[in-house]
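Subject: Structure handover

Hello,

Here is the structure for your files. My notes on what was found in it follow below.

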Amino acid sequence: MAKKITMSDIAAAAGVSQSTVSLVLNGSTSVKIAETTKRKVLETAESLGYKNKKVAHALGRPKKIALVINGLTSYDPFIDAINAAREEAWSNDYILVTFNYSHDEVLASKIESEINSGEYAGLIYSSSMTRELKQQRVATSLPTVLLNCTNEERTEIPSILPADMIGAYKAVSHLTAQGYRRIAMLSGESWMLASQQRANGYRQALIDADIIPDSGYLVEANWSLKEAHQQTLALLSMEQPPEAIFCGSDYMAMGCYQAIAELGLKIPQDVAVVGYDNQQIASESFPALTSVELPYSDMGKLAVESLMALIEGQPLLANKRKVEGELIVRTSSTKTKKVDM
């Protein structure tokens with residue numbers, strides 16, 4: 001194990017007192033210290049490998065990190081990841097600069113030039129939808145972390161992803177544990193990694209509960225409230241309609257709610273419903289929607305922590321990290337006993 005560098009070590013190597021080292025490294029202005037002495041202390045600290053973010057900053061190293069994303073909507077829950085990344089970056093004395101190029105190739109080129117200008121210490125390349133990258137549009141030699149996306153051809157680049165399969169597994173296992181057997185799923189578009197992972201979790205939870213997955217119960221609603229409404233009507237018109245519906249997003253769950261109400265049925269008395277994302281609408285809907293938390297805040301924070309480690313030359317625990325979200329159980333999925341009148 002490498003020896004931890006102390007202020008005493010720096011003082012001895014720089015030929016100054018430990019008090020001077022302490023004043024310089026802590027940025028104190030209470031005592032006037034010659035600029036040449038400050039510089040000598042800072043350069044000595046850096047050469048010895050002293051881990052202190054103020055050293056790099058005082059030496060004029062980059063104080064910015066970039067977050068690049070391709071497209072966001074005003075209601076996109078991925079905003080939580082960006083906000084958490086911004087807060088974590090600032091806690092490390094870095095400014096997070098967010099760039100959104102929205103499929104504009106000219107703008108993407110300008111962003112690439114800006115990031116490679118020498119003012120940035122690292123890059124978080126992100127996607128608002130969980131996906132595998134075919135190409136990282138903004139290229140750089142800076143330390144890079146992928147957020148909510150992965151590149152199987154560049155496995156050396158660390159990636160932070162949601163554990164969507166586990167999240168869906170938790171949701172459906174919650175339903176099977178209460179005795180529900182006919183469980184349907186409203187899925188997003190099948191080509192998306194998030195849809196695939198959540199559908200896999202849905203199937204595995206059924207199998208583990210000794211329920212054979214029925215392909216007729218797994219339908220695509222394409223993240224659309226309207227599609228979710230129509231598909232729910234179709235599901236509930238089946239000869240053996242589902243007793244519970246797992247929705248791949250809270251937004252689709254709202255379409256599901258509308259269809260159930262339209263048929264004069266009640267949640268959860270007639271049909272249990274579980275969502276995914278745990279957006280504000282989940283707790284404010286009636287009845288309150290059980291949902292799996294999409295851990296974007298934790299992912300944004302972890303992306304910055306991972307990037308800081310790369311910038312400082314520290315090893316990472318793993319190159320691909322998956323973050324689990326908690327299942328928040330509310331009224332919509334709590335099984336109730338039907339009373340015969």
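The radius of gyration is taken over C-alpha atoms, and the globule rule is 2.2 Å times the number of residues to the power 0.38. By that rule a compact globule of 341 residues would have a radius near 20 Å, but the chain has 26 Å.

Two remarks on conventions. This is a predicted model, in which local features need pLDDT of at least 70 and side-chain atom pairs count only at pLDDT 80 or more, while totals for chains, interfaces and linings use all residues. Residues are numbered from 1 along each chain as its sequence is written, and side-chain values use heavy atoms, with hydrogens and water left out.

Overall picture

Taken along the principal axes, the C-alpha atoms of the chain fill a box of roughly 90 × 45 × 35 Å. The chain is divided into domain 1 (7–48), domain 2 (63–162 + 296–323) and domain 3 (164–294); the bounds come from an automatic or database domain assignment. The centres of domain 1 and domain 3, taken over C-alpha atoms, are separated by 61 Å.

The chain has 12 helices and 12 strands. Both are DSSP runs numbered from the N terminus: helices are H or I with at least four residues, strands are E with at least two.

Of the 341 residues, 45% count as buried. Buried means under 20% relative accessible area, exposed over 50%, and partly exposed in between, with a 1.4 Å probe and protein chains only.

Among contacts between residues at least 6 apart in sequence, 69% join residues at least 24 apart. Contact means heavy atoms within 4.5 Å.

The chain carries 33 positive and 39 negative charges, and their mean positions are 7 Å apart. Lys and Arg count as positive and Asp and Glu as negative; His and the chain ends are not counted. The place of a charge is taken as NZ of Lys, CZ of Arg, CG of Asp or CD of Glu.

Backbone geometry

Two cis peptide bonds may be worth a look. One joins Ile267 and Pro268, with omega about 0 degrees; Pro268 is in the loop between α10 (250–262) and β9 (272–277). Another runs from Phe286 to Pro287, with omega near -5 degrees, and Pro287 is in the loop between α11 (280–284) and β10 (290–293).

Positive phi angles also turn up at residues other than glycine. Asn148 has a phi of about 65 degrees. Asn148 lies in strand β4 (residues 144–150) and is buried, with a relative accessible area of 0%. Asp277 has a phi of about 130 degrees. The place of Asp277 is in strand β9, and Asp277 is buried too, at 11% relative accessible area.

Individual residues

Ala11 is in helix α1 (residues 7–14). Ala11 counts as buried because its relative accessible area is 7%. Leaving aside neighbours within four places in sequence, Ala11 is in contact with Val16, Ser17, Gln18 and Val21. Ala45 is 34 residues away along the chain, and the C-alpha atoms of Ala11 and Ala45 are separated by 8.9 Å.

Helix α8 (residues 193–208) holds Asn200, and Leu206 lies in helix α8 as well. Which category does Asn200 fall into, buried, partly exposed or exposed? At 31% relative accessibility, Asn200 counts as partly exposed. Leu206 is buried, with a relative accessible area of 2%. Not counting residues up to four places away in sequence, Leu206 touches Val172, Thr176, Ile183, Ile211 and Pro213. C-alpha to C-alpha, Asn200 is 9.1 Å from Ile166, 34 residues apart in sequence, and Leu206 is 9.6 Å from Leu175, 31 residues apart in sequence.

Trp223 is in the loop between β7 (218–220) and α9 (225–236). Beyond its neighbours within four places in sequence, Trp223 has contacts that include Ser187, Met192, Arg198, Gly248 and Tyr251. The C-alpha atoms of Trp223 and Ile157, 66 residues apart along the chain, are separated by 29 Å.

Regards
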